[in-house]
Amino acid sequence: MPERSDEELMRAYVDGDDAAFRALFERYGPIIFGMVKRRLHDDELARELTQQTFFRLHGARNDFRQGSKLRPWLLTIAMNLVREHWRKKKRRKHVDLDIDTREAPSAERSPLELRQRRQMLMSALDTLPPGQRDVIELHWFQERPYREIAEIVGSSEGAVRVRAHRAYAKLKEILSGKLVG
Amino acid sequence: MNASERDPELESLLAAPAEELPDVAELFEGVKAQIDAAEKKPGYAIKTQPTPRRRLMAFIAFAMVILVTLLTGRRPDLGSYPPAMLVLVLGSLGTLFALSAWTALRPIHRPMLAPWKLGLVTGVAVATTLVLALAPGVHDHITLRPDMPLIRHASPCMIYGFVFGLPVYGALRFLDRGSSWSARIVAACAAGLAGNMVLELHCPMGGSTHLMAGHASVIIAYVGGVFLIEALLRARSGKR
């Protein structure tokens, strides 16, 4: 049996099929969790906001219409929750780690090296302004097209492309510098 | 095409090790528990109504406030109020009210309101009430002037307008599905604008001092109050 699309599952859920909601959660829960954790660097908060995202989706389900797309909905709800969290906290938590970059990484990385690499990437991402950070999250990690990203962040496609270009350039400069040492 | 423009070096730099995934079943049980708890609350079913219906409910709350004012507290000189001025004042305030209320019930799957848009909505709402209070020609037809100290003639109007704005603020907050700061601010704008419209239909007193201190102050009280509460809550959460 072919897998049901996001929109088919959402419409089934709106019509009262609870199993469809579970299927959507299984499909998108890990994605939302990963996205939120990359932004907040906190496992517990990521779990909380992931649950809150789907709770809000449940509350807003009667707004889901023919032609609506679920993924932008979920990503926008999650990003709004992250923004609201940062607004309350007033400042962002930065992950910084001095990494010994003198040795070239081996083909097989230890868990410590993998964790360091992840934290180095998070640290670099944290240097980006919030608007660029959102675009990189959606374009690189979520692999969304610019048109959809523009819809999610509430901007024009042109502005999103500019932010992406600047962000990628800055990331390349930072990460190249960190790895070369 | 990917914005990295298929830059192998950049793609290599950005390749992140996979995140450790949570226990999906356990997370889902948490969501179900939240939903079950929320659905037991009396008003939750109303919050989940489609957005057009929620906006209609907010408008009905506003219409009730205006109706009560006209039935129980209509200004005695309403019959002699120049129609063009009445349309100008109520039309301006009403249009801004509609915009604020519409924005306050913005669907949560839409991006959060940008700070500059929030500032624009708030600024225009406050500025309009001030301009309407001060602009020459708008309220010149009102001959009744206060002959008592400011606090005595302004505070009853301010309280009246504030109290009549409360059902509007309450309705907008109750119907809101999220709890963003921007939604609270524009709800405060809407309540302040509704309070000003009520006062325009209720209070026969003129003079820029009275109109500023007793009428325009209502929206300033609402918006300023929300800002103050937010600042206090943030200061409190920062101390923990």
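User: How many salt bridges does the rule find across the interface of chain A and chain B?

Analyst: In this predicted model, the rule finds four salt bridges across the interface of chain A and chain B.

User: What makes the meeting of B:Glu26 and A:Arg47 a salt bridge?

Analyst: The side chains of B:Glu26 and A:Arg47 meet at 3.2 Å, N to O, and the rule asks for a side-chain nitrogen of Lys or Arg within 4 Å of a carboxyl oxygen of Asp or Glu, so the pair is called a salt bridge. Polar contacts are counted as well, and 13 residue pairs, both at pLDDT 80 or more, are in polar contact across the interface of chain A and chain B.

User: Which elements of chain A give two or more residues to the side that touches chain B, and which gives the most?

Analyst: The elements that give two or more residues to that side are helix H2 (18-40), helix H3 (43-60), helix H4 (70-89), helix H5 (111-126), helix H6 (130-141), helix H7 (146-153) and helix H8 (157-180) of chain A. H3(A) gives the most, with ten residues. By residue class, the side of chain A that touches chain B divides into 22 nonpolar, eleven polar and 19 charged.

User: How many residues does the contact take from each chain, and what area do chain A and chain B bury between them?

Analyst: The contact takes 52 residues from chain A and 56 residues from chain B. Between them, chain A and chain B bury about 4800 Å², with 60% of it on carbon and sulfur atoms.

User: Why is A:Arg39 called buried?

Analyst: A:Arg39, which lies in helix H2 of chain A, has a relative accessible area of 9%, and buried means under 20%, so the label buried applies to A:Arg39. Leaving aside residues up to four places away in sequence, A:Arg39 touches A:Met79, A:Val82, A:Trp86, A:Arg133, A:Asp134 and A:Glu137.

User: What makes the pair A:Arg39 and A:Asp134 a polar contact?

Analyst: The side chains of A:Arg39 and A:Asp134 are joined at 2.5 Å, and the rule for a polar contact sets a limit of within 3.5 Å for a pair of N or O atoms, so the distance meets that limit.

User: Why is B:Leu130 called partly exposed, whereas B:Ala101 is called by another label?

Analyst: B:Leu130, found in helix H6 (residues 115-134) of chain B, has a relative accessible area of 25%, and partly exposed lies in between under 20% for buried and over 50% for exposed, so B:Leu130 is partly exposed. B:Ala101, in helix H5 (residues 83-104) of chain B, has a relative accessible area of 10%, so B:Ala101 is buried by the cut-off of under 20%.

User: What do B:Leu130 and B:Ala101 touch, not counting residues up to four places away in sequence?

Analyst: With those residues left out, B:Leu130 touches B:Met212, B:Ala216 and B:Ile220, while B:Ala101 touches B:Leu172 and B:Ala190. From C-alpha to C-alpha, B:Ala101 and B:Leu193 are 10 Å apart in space and 92 residues apart in sequence.

User: Where in chain B is confidence lowest, and where is it highest?

Analyst: Confidence is lowest in helix H1 (residues 8-14) of chain B, at a mean pLDDT of 74, and highest in helix H4 (residues 51-72) of chain B, at 97. The mean pLDDT of chain B is 89, and 95% of its residues reach 70 or more.

How values were computed. Residues are numbered from 1 along each chain as its sequence is written. Chains are lettered from A and ligands numbered from 1 in the order in which they are written. Side-chain values use heavy atoms; hydrogens and water are left out. Contact means heavy atoms within 4.5 Å. Buried area is the accessible area (1.4 Å probe) that two parts lose on being put together, summed over both. A polar contact is a pair of N or O atoms within 3.5 Å; within protein, one must be able to donate a hydrogen and the other to accept it, and residues adjacent in sequence count only if both atoms are side-chain atoms. Helices (H or I, at least four residues) and strands (E, at least two) are DSSP runs, numbered from the N terminus. Ala, Val, Leu, Ile, Met, Phe, Trp, Tyr, Cys and Pro count as nonpolar, Asp, Glu, Lys and Arg as charged, and the others, Gly among them, as polar. pLDDT is the predictor's confidence in each residue, from 0 to 100. Buried means under 20% relative accessible area, exposed over 50%, partly exposed in between (1.4 Å probe, protein chains only).
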